[in-house]
Amino acid sequence: MKHSTVLSIFGILALAGCAMGPRQPAMNEFPEYGHQQKTPDLLEADREFVEIAKKEEGSFEKMTNYGWGFIQRGDNRTAIKRFNQAWLIDSTRYESYWGFAVAESRLGNLESAKHYYEKALGHGGDTKILNPEYAIVLREIAKAEKNSEKLAAADDLFKSEIAAGNEKAACIFAFQLFRDGKKDQVCEVMKSCPTDRDRLKDRAGCN
């Protein structure tokens, strides 16, 4: 099978930062390369990668698709590498920032996840998809800080999305409330969730 030039470069660059045994994450395992200063050689490698990638249709989408694939496999650091490459190709699109946000949230870096959800939204990301995920991160930060005002603000974001007809927001919010033991609120919110994959109505004792 013939591989594209972009995929060949992808395979080579995937080796960067590898080491044996415990180590600190490499530069390309941080969103936007951790805003670290790159050597002239790395800058030249980036330039060559972008120059070739932009000649191939769909190169941005290929990198983000690889990123989501690694997210699904639980390899969040490698996912960030791929989202970084997408970001190099086109930093104006929201999808790489969304990928950073999801990967960082799964790594437990909640403030960073919050930052990248905000960047994704600022770059035109679909609020119907992003806002419920963003609200989860806001809730986790609020609970970690034991900050009731921040928690209420996060819940208000869920409620505004539900009021706008966002069924995804309703299903996610109901699950968050169930985790918090607020079963009476779960039953009310589930009225706006057409699916019940987690059997929340039965588990919360809804009539």
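The torsion about the S-S bond of Cys187 and Cys206 is about -95° in this predicted model, so the disulfide is left-handed; a disulfide is taken here as a pair of cysteine sulfur atoms within 2.5 Å, and the sulfur atoms of Cys187 and Cys206 lie 2.1 Å apart. This pair links distant parts of the chain, with Cys187 placed in helix H10 and Cys206 in the segment after H11, 19 residues apart; helices (H or I, at least four residues) are DSSP runs numbered from the N terminus. At a relative accessibility of 23%, Cys187 is partly exposed, whereas Cys206, with a relative accessible area of 18%, is buried; buried denotes under 20% relative accessible area, exposed over 50%, and partly exposed the range in between, computed with a 1.4 Å probe on protein chains only.

The structure holds two disulfides, and the other joins Cys171 to Cys193 with an S to S distance of 2.0 Å. The link of Cys171 and Cys193 is right-handed, with 100° about the S-S bond. Cys171 belongs to helix H9 (residues 167-179) and Cys193 to the loop between helix H10 (183-189) and helix H11 (200-204), so this pair ties together parts that are 22 residues apart in sequence. Cys193 is buried, at a relative accessible area of 5%. When the bonded cysteines of the chain are numbered in sequence order, the pairing is 1-3, 2-4.

Residues are numbered from 1 along each chain as its sequence is written, and side-chain values use heavy atoms, with hydrogens and water left out. As the model is predicted, local features need pLDDT of at least 70 and side-chain atom pairs count only at pLDDT 80 or more, while totals for chains, interfaces and linings use all residues.

Technical notes:
Helices (H or I, at least four residues) and strands (E, at least two) are DSSP runs, numbered from the N terminus.
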